[in-house]
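Here are some notes to read alongside the structure. Please keep the sequence and the model open while going through the points.

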Amino acid sequence: MANAKKLSVEVHKFGGASLADGAAFRRVVEIIAGRQGPRVAVVSAPAGVTDLLLGLAGRATAGETNLDGEVAGLNSRYLEILRSAAGRGQREAGDEIKQSMDELGRLLSSLAVLRELTPRTRDFIVSRGERLSARILAAALDAKGLRARYVDATEVVFTDGPYGGASPNLMMTDLTARKVLRPICASGVIPVVPGFIGAAPVEEDRRVRGVATLGRGGTDLTATLLGRALGAQEVSLWKDVPGLLTADPRVVPDARVIPQLHVREAAELAYFGAKVLHPRALIPVAGRSIPVFVRPFADATAAGTEISARRTLDRYPVKALSAVGAQALITVAGNGMLGVPGIAARTFEALHRQGISVSLISQSSSEQSICFSVPEAAARQARDKLADEFREQIARGEVDRIEARTAVATVAVVGIGMAGHPGIAARVFAALAESGINIVAIAQGSSELNISFVVDGKEAAAAQRAVHAAFQLSKIGGGAASRAVHTDVVLLGFGQIGRALAKILPRGGKPNGKPNGTSGGLRLVAAIDRGGFVFEPAGLPPRTIAGLIAAKEKGQPLADVPGGRPASPAQALSFLAEHALTDPILVDVTADESAPLLRQALSAGMDVVLANKRPISGPRDQSSALASAAERAGRRLLTEATVGAGLPIFDTHRKLVESGDRVLKIEGCLSGTLGFVLTEVDRGRSFSAALRKAMELGYTEPDPRDDLSGADVGRKALILGRLLGFAGEPGDVGVESLVPEDFRSLSPDEFLRRLDDLDADWAKRASAAKAKGRSLRYVASVTKDRIAVGLQAVDRSSPFFGLKGTDNQVAFTTVRYRKNPLVITGPGAGPAVTAAGVLNDMLRAGA
Ligand code: ADP
Ligand code: ASP
Ligand code: MG
């Protein structure tokens, strides 16, 4: 029996999210070529194609007739992928594409006439997404000399319907897939099967089977079905994530790859909303020894996640979280329910008849109410049907209310070890209580594999982060980071520095608005100013960013730009926090009192990067509250750009401390503006001319007295002081102002008019210093116990003597560098260098 001889096959499935273009298909070929032995490939439609096809079908049915352009666009996208993945000379696949797209055009035209879209037709329309993908892959494998053959899914996967979300017929699939695919594999050819679809059941009025889809994300299921039929050695699901993570990385930034989990755990997660797997994908392999791997498409050497029958990671009774949003919670309640048997059964029976799926049920112990969640879109229908069902009970007062609360989310906490660990639920609820999150309903799954709870939709993200942190899930498997493909950046403030930063941020999105999935790096998703914000979750495209910059330069607030929305910064932040951002960083480039906003951002899971000095140079309570908010949230608060623009001052301090040194004193020239003015005066220029020049070059604040007063340097000095443990308040910083008493209350114009009056004094100071071989510097001197900033005439022995222009300089005196302080010098002013400093921090936060 040659056929029955053990043939250890591997099934490799490539998800749509990874299949963006021809390069991605070439990568698929590379991955397949890298494996040994018999292989079966299963593919999704290229990214976005299923949605596009569904959208076109909908529009045609609504009567739109001129969709030719869109069809032509899809046609050329497929042809381009084919050309790039398989080279020229792929006539057959090219013809398939053309025929399929012609057919699509005709289907859409007839829908526009019929104005009716049956589930059967819809499935037939979308099926071409995966079918053409598989044609292209077969051609691309061939072109690389790997023998491959397209096998249509309707020949190997059989379903029992219904259209739109068909259940596989396991027995027929097992038999037929084995019969069709084994001989192909045995002859060294790689079958390439389109995912997501299968043969529909035979209908009375038709002799041939149609094509039915397995529900969104169904390619995962195709892969496990074939794996089961072939008794595969393993099934690999290649995706755009490094593996199955402890939570959705777009919601919980420090989600980690779970090295291994039990099939039942993974199945539970998939069923309760973890978008990474089709909800029923693991059913075919349950009870079989066929491990399923979730593997990163971007890195074929990474281990990914093994889903199998083993039990590991016993220290983690909870392994992962998932959530389903847009749910409604329906409550059926009444004092008389206690005595009436079967209310629950009738409730669910009624919903079942309507085809409404219930995902969480909790019955209060008094039996006076039952509540359960349904998709929000079905809430109304569910409530109406139940009111119908219980008409008599309502009339008799046994049931007195049937309510629907919309906009809730259910969160599932999953782990096979929960059964043996008492107190898990208590920990979950304590974590939520600590974060001030209100639980609307609770249910413990009968499997003891999961605890689910319902919260207001707005709190779903915070709830997941709180539970994730409570169970230390970011440490699972040794804490290997999930390596997000990018970091989302939110700019608070869109002034000079904000705009300079937006200009140098490495690429926003790709021109077509698609995030650049594999290249990594930072991506600007939102900008907030005092009155509004703009937000694009996939990354603001460079063109939009350029438009924003131009609009702001003309003085237009963000609320008024195209796509801008009016909101206070706090409102904007709460809005963003409800969205799934990836490793988000908030960058504060305002000069406002933003501390409360920053705390808000930290508790929403954002790292915070500051160029703004105020939040950490105000009252001591405020800056320590900020630091502890960061610590509580497990987020970073990075401040490099607050002192010395882009110079690595905090970085140096950290390295010194980490290497066991102790910093005794920090001295520095921390104002580019004052540095410039004083060097000019030293060189014999008049004070007024020097200051006017500085203004002209854009070095000063709008009112130059803000620089001359030393207030800005005082703030920087306080920030450095706090680094050394200085416990005082802003008032404890000794600041020598360079603005004479009687000039302080003048209007800015008047001040500038009378500037020349100051020249004589400055000339005197300069020549006195010169006579002693010294030069004038505005110096901050900081220790743990004392902070002073003021004018000094320094001699040659001082590192500051030779400092020029706007350069900043900082000298660390430490136990190791006691005689010769460690000196850092460089440009310390201007939007561009400050932006560079901020960027450095961002890269660190994103690392
Ligand atoms: P495919 O390309 O195979 O269809 P999907 O896009 O369906 O892949 O699944 C991957 C997506 O699932 C990721 O982009 C990720 O944001 C999301 N996701 C949700 N929960 C998880 C989780 N626990 N682990 C990994 N990814 C998750
Ligand atoms: N292309 C289908 C979808 O987008 C199936 C899949 O990708 O698994 O849902
Ligand atoms: Mg999917």
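1. Salt bridges. The structure holds 50 salt bridges, a salt bridge being a side-chain nitrogen of Lys or Arg within 4 Å of a carboxyl oxygen of Asp or Glu. One of them joins Arg135 to Glu96, with the closest N and O atoms 3.6 Å apart. Arg135 lies in helix H5 (residues 119–143) and Glu96 in helix H4 (residues 91–114), so the pair ties together parts that are 39 residues apart in sequence. Helices (H or I, at least four residues) and strands (E, at least two) are DSSP runs, numbered from the N terminus.

2. Basis. This is a predicted model, where local features need pLDDT of at least 70 and side-chain atom pairs count only at pLDDT 80 or more, while totals for chains, interfaces and linings use all residues. Residues are numbered from 1 along each chain as its sequence is written, chains are lettered from A and ligands numbered from 1 in the order in which they are written, and side-chain values use heavy atoms, with hydrogens and water left out.

3. Ligand 2. Around ligand 2 are Ser44, Thr50, Glu130, Phe196, Arg216, Gly217, Gly218 and Thr219, each with a heavy atom within 4 Å of the ligand. Polar contacts are pairs of N or O atoms within 3.5 Å; within protein, one must be able to donate a hydrogen and the other to accept it, and residues adjacent in sequence count only if both atoms are side-chain atoms. A polar side-chain atom of Thr50 lies 2.6 Å from a nitrogen atom of ligand 2. For Thr219, a polar side-chain atom is 2.9 Å from an oxygen atom of ligand 2.

4. On a 1 Å grid over the protein atoms alone, a cavity is a set of points where a 1.4 Å probe fits but cannot get out, and lining residues have an atom within 4 Å of a point. Grid points are joined across faces, edges and corners, and a volume is the space filled by probe spheres set on the points. The whole structure has 3 cavities of 30 Å³ or more. The largest cavity has a volume of about 80 Å³. Its lining has 13 residues, with Cys669, Leu674, Gly675, Arg777 and Leu803 nearest the centre. H21 gives the most to this lining, with 4 residues.

5. Second largest cavity. The second largest cavity holds about 40 Å³ of space. Among the residues lining the second largest cavity are Arg250, Val251, His579 and Met606.

Conventions:
1 Å grid on protein atoms, 1.4 Å probe; cavity = no way out; pocket = protein on both sides within 12 Å on 5 of 7 lines; lining within 4 Å.
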